[in-house]
Amino acid sequence: MPPATPTEAPPEPAAPADAPDATRGDVAGGVGHSAGRPDSTLKVTGEFAYGSDLWMDNMLWGVTVRSPHPYARIRSIDIAEALATAGVFAVLTHEDVPGEKTYGLEVADQPVLAFDVVRYQGEPVALVAADHPEIARQAAKKVRVDYEVLEPVTDARAALGHATPDLHGDQAGQVTELSRAAPYLHPEGNLVRHLKIRVGDPDPVADVVVVGEYDVGMQDQAFLGPEAGLAVPDGVGGVDLYVATQWLHVDQRQICAALGLRAEQVRLSLAGVGGAFGGREDLSMHVHGCLLALHTGKPVKMVYNREESFFGHVHRHPAKMRYEHGADRDGRLVYVKAEIYLDGGAYASSTPAVVGNAGTMGLGPYVVPNIHVDCYGAYTNNPPCGAMRGFGSVQTAFAYEAQMDKLAAQLGMDPVELRVRNAMAEGSPIPTGQVIDSAAPVAELLQRLRAMPLPSDLDGADLRHLPGGVSNTTHGEGVRRGVGYAVAYKNVAFSEGFDDYSTARVRLEAVAGAPQVTVHTAAAEVGQGLVTVEQQICRTELGVDTVVVHPKDTQVGSGGSTSASRQTYVTGGAVRAACHRVRDRVFALAAAYLGETLDDLRLEGGNIVSQTRGAVGSVADVLGTEVVEETTQWRHRRTEPIDPETGQGFAHVQFAFAAHRAVVDVDVELGLVKVVELACTQDVGKAINPDAVVGQIQGGSTQGMGLALMEEIQISEGKIRNPSFTDYLIPTILDTPPMPIEVLEYADPHAPYGLRGVGEAPTISSGPAVMAAIRDACGLELTKVPVRPEHIVDGGADREVSGTD
Amino acid sequence: MEFLAATTLSDALAAKREQPEAVPLMGGTDVMVELNFDRRRPPALLDLTGVRELDEWSMDGDVVRLGAGVTYTRVIEELGQALPGLAMASRTVGSPQIRNRGTVGGNLGAASPAGDSHPPLLAAGAKIELASVTGTRTVSIDDFYTGVKSHAGRPDELITAVLVRSARGPQQFSKIGTRNAMVIAVSSFGLALHPDVKRVRTGIGSAAPTPRRAVEAESFLSSALEEHDLWETRAALADSLVREFGERVKAAARPIDDVRGTAAYRLHSLAVMARRTLGWAWADYAGGTA
């Protein structure tokens, strides 16, 4: 067994020349101000152009023919009748893919268009382009695919040949016919990744032991803007693609491979994105639209409708988890053993990285001396799963936080006290041995939450405040209040040695006598507000008020993915670095302009200001006709892969910490829940835009709460049962409670301005806090997420009900 | 697909006679969804949104004649006193936008077991007015629902109005959904006390192939109330009576397991809703507010 020696950070790459200067927060619209979004008016008035609004005269409409079966062999595809339909310009199959036939974010295992077999319901098999969307849809129905239907593999443990639990009892799992019989869905088998963490004593003994099994359902990103894009052929073999996505350059790489084209032949521009949450990291219509455009020589638009969208992007991995926690009588954790199965569905997508997070972050922000974790990602014939806000940490948080409450109950301890006693702090090792080298205020987040006043008692006067709302199911009968806490931490940016960088191009010039900055990155704005942050950083660093955000495209280097809470950190860092280079060139121009070199200059209010002599010239005058432009690549500090046998290594860049306290009213007789209040404390290092930070916390909290209460793609035999917003429910404003929020700002010395990624952490702790509160109200274990009314009712079947209801 | 737009009721009835397979379109909150998802391709749509006669409600004695085109929003705002059960149910329909478009007539036309209007109309004992070029007839709500998403109207007829007597006693409506707004019923229950005729009526939603009454539970409760003189004394109801009523309501349902809930939960919830709504309605009655 390896000793639990702390893993130190590898040597830093060339360190940024200047220290974080978070103190420069006084520039109007700059860093630290709640600057308004450049696109807010357009969005509020409905004029903002989303991907689905793209239009070109004479464009064609592309439609995807999808498999109705979760698993089937393709005997033949007959396109003749579809192709003969008037108005149809092209019908394409895998035979028409000129380059690589498969693609993928981490593993190129997913066919552009299916060949030989289909591995999930909704897998693209053929494409149709027609001059009207309705003609394309009707023609798509005429593509005849002859399938030999196969028995789908729908259980992650069975797919790996592991023991599957006895569904009707509490006996230990066993290897069943189901698991023995699982066919290989991919040539290398059904294991995508197995992550192991082994720390300390392999056979630890503890005074108190609690065991729990937890089951988290498949959540959907449920972005409101469906997948959409427009591919325009350039007439010389290349193509321009306008698409709503999260990472233009990783799309470009995959599209080029599939089309057999060079990067300069495939140019991407970001179309208006109506939400992403991870669901746009994988390709959707990208290659398909380009294939149709290149084949027909015409612009081709593809837009999924809501139902198709459920089949057109990856979802959050469902998880089955078994945890064992051991503690001493004082409530100090002695060990944790965890077995985590993530169902990756038919293709790998980002499953390896999700396994990485679920495994390495899967014990929560607690110090654990002895650890045994096995985390598996498996192929099945369920819908493919990949990135979603919280990325592996969300699922495990439901388990480890339920365990902490169970342990507290067993010990007779207050659940907050138990958490505080085991809380990580700066200097603590995480399960991978990495030592946290900046603030980790876990205890303070919990204590601040506990100190917040509790909401007032049940208000039965207004139905909207009761479980069931205006549906009038209770006037107070059966309602019990519960309070629950949860805390989470999340790795920010890409981990495990990934070369994670962003590129920024910043231009400064005088326009009509006034200085103007243009900032150009390829980092996707998906609604989170990166465009605002880019402007704010330019204003702060260059002292120029007017900052134009150049449309996002591949004409500048990669911005990396808009995910992992990383864009403000990494692209923000790149913009800041580019600004510094621009600034230095302006100072050089100033020296020429002034005829002397001053070393105490700064840019402020459109002027060049000397510390000792005040304003020495306006930026516009100094620039004259000169255009100063700098393009910079910027990297966060390097990380390392973890050891495959022990899971040890300096794998993560930074950690974000958030905690929630949920107060709920549960109608225990009907199983209906009203979240009364959802309070949050979060350390954000530095709030670059305080309003946007609060918005992220509110949104993340709501999304996490949604998973606890209602959000689940229901699967039966590999098929989605609820592909609509009628039956895939997300919280409405009447389900969303008041959210008292305290934002802490403990600067991370390694990060630009000391900031921490914000968007994911609150998504992780809110759901477990809601579950804890419901358990507190009902006195039930409730191990299935989302909790459904029947779980509460069935669990409480023996509960004594008052006869007066 | 043909699109027929009528501006008068007689034009609409003539069109329906001409093309009985034309699907009437009012708020579009059901029909347009089905068209958009390609679940239905009727040969023709008959747009009734321009037919003013359908848009109004009026009183004929103590009977409300609710035009088929009156929206849920107007039911909530204008008919809360006369049709309290229907107004409560209307309040649970979709979002404000849906309630501004959707109509009770449309809900009846779709005749989905999950439609929110049905339980209160069953409980109130409504009549449905059906018209064709050959004349107008009324059908009792008890005979209106004939099967899954089908009703007693003939292909050449249009639903023109709902006739509901103004409430003589307390009415309640209760609906289960897995979120607190904008949700299709997992199960629902309507209850109306009719003290003038010493009757209780009920309506069950989303828990059988059609909306239906819990007839046996109604008779049980009505005779118990009569037997113990409770209509006159307005005394508190025994727990055992309320509980038995809930069990008998439950026994009237024939739910299935589906994506929105299990049959077992639907049955359980009906018993709870029946008990609670009876408790609330009786408290109103005992308090003499009705």
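A crossing of two helices is called left-handed if the near helix is turned anticlockwise from the far one by less than a right angle, and right-handed if clockwise. The structure here is a predicted model, in which local features need pLDDT of at least 70 and side-chain atom pairs count only at pLDDT 80 or more, while totals for chains, interfaces and linings use all residues. Residues are numbered from 1 along each chain as its sequence is written, chains are lettered from A and ligands numbered from 1 in the order in which they are written, and side-chain values use heavy atoms, with hydrogens and water left out.

Chain B first. Helix α10 (residues 239-252) and helix α11 (residues 263-286) of chain B have axes that come within 8 Å and cross at roughly 140°; helices (H or I, at least four residues) and strands (E, at least two) are DSSP runs, numbered from the N terminus. Axes are lines fitted to C-alpha atoms, for helices over the stretch in contact, and angles run from 0 to 180 degrees between N-to-C directions. The pair α10(B) and α11(B) is therefore oblique, given that under 35 degrees counts as roughly parallel, over 145 as roughly antiparallel, 65 to 115 as roughly perpendicular and the rest as oblique. The crossing of α10(B) and α11(B) is right-handed. Contact (heavy atoms within 4.5 Å) involves, among others, B:Phe245 and B:Val249 of α10(B) and B:Leu267 and B:Leu278 of α11(B).

On to α8(B), residues 215-227, which packs with α10(B) at an angle of about 160°, the axes being 8 Å apart. That makes the two helices roughly antiparallel, and α8(B) passes α10(B) in a right-handed crossing. Among the residues in contact are B:Phe220 and B:Leu221 of α8(B), with B:Phe245 and B:Val249 of α10(B).

Over in chain A, the axes of α16(A) and helix α17 (residues 761-778) come within 7 Å and cross at roughly 45°, so these helices are oblique to each other. Here too α16(A) passes α17(A) in a right-handed crossing. The contact includes A:Met705, A:Ala708 and A:Leu709 of α16(A) and A:Val770 and A:Ile774 of α17(A).

Some of these names return in the largest nonpolar core. A nonpolar core is a set of buried Ala, Val, Leu, Ile, Met, Phe, Trp, Tyr and Cys residues joined through side-chain atoms within 4.5 Å; buried means under 20% relative accessible area, exposed over 50%, partly exposed in between (1.4 Å probe, protein chains only). Of its 92 residues, those touching the most other members are A:Tyr323, A:Val666, A:Leu709, A:Val770, A:Ile774 and A:Ile792. Helix α10 (residues 393-411) of chain A gives the most to this core, with 10 residues. A second, separate core has 45 residues, including A:Leu530 and A:Ile608.

Two glutamates of chain A are worth a look. A:Glu677, in strand β29 (residues 672-683), counts as buried because its relative accessibility is 9%. Its side chain makes a polar contact of 3.0 Å with that of A:Arg661; such a contact is a pair of N or O atoms within 3.5 Å, where, within protein, one must be able to donate a hydrogen and the other to accept it, and residues adjacent in sequence count only if both atoms are side-chain atoms. A:Glu712 sits in the loop between α16 (690-709) and β30 (715-716). At 13% relative accessibility, A:Glu712 is buried as well, and its side chain has a polar contact with that of A:Lys784 at 3.3 Å.
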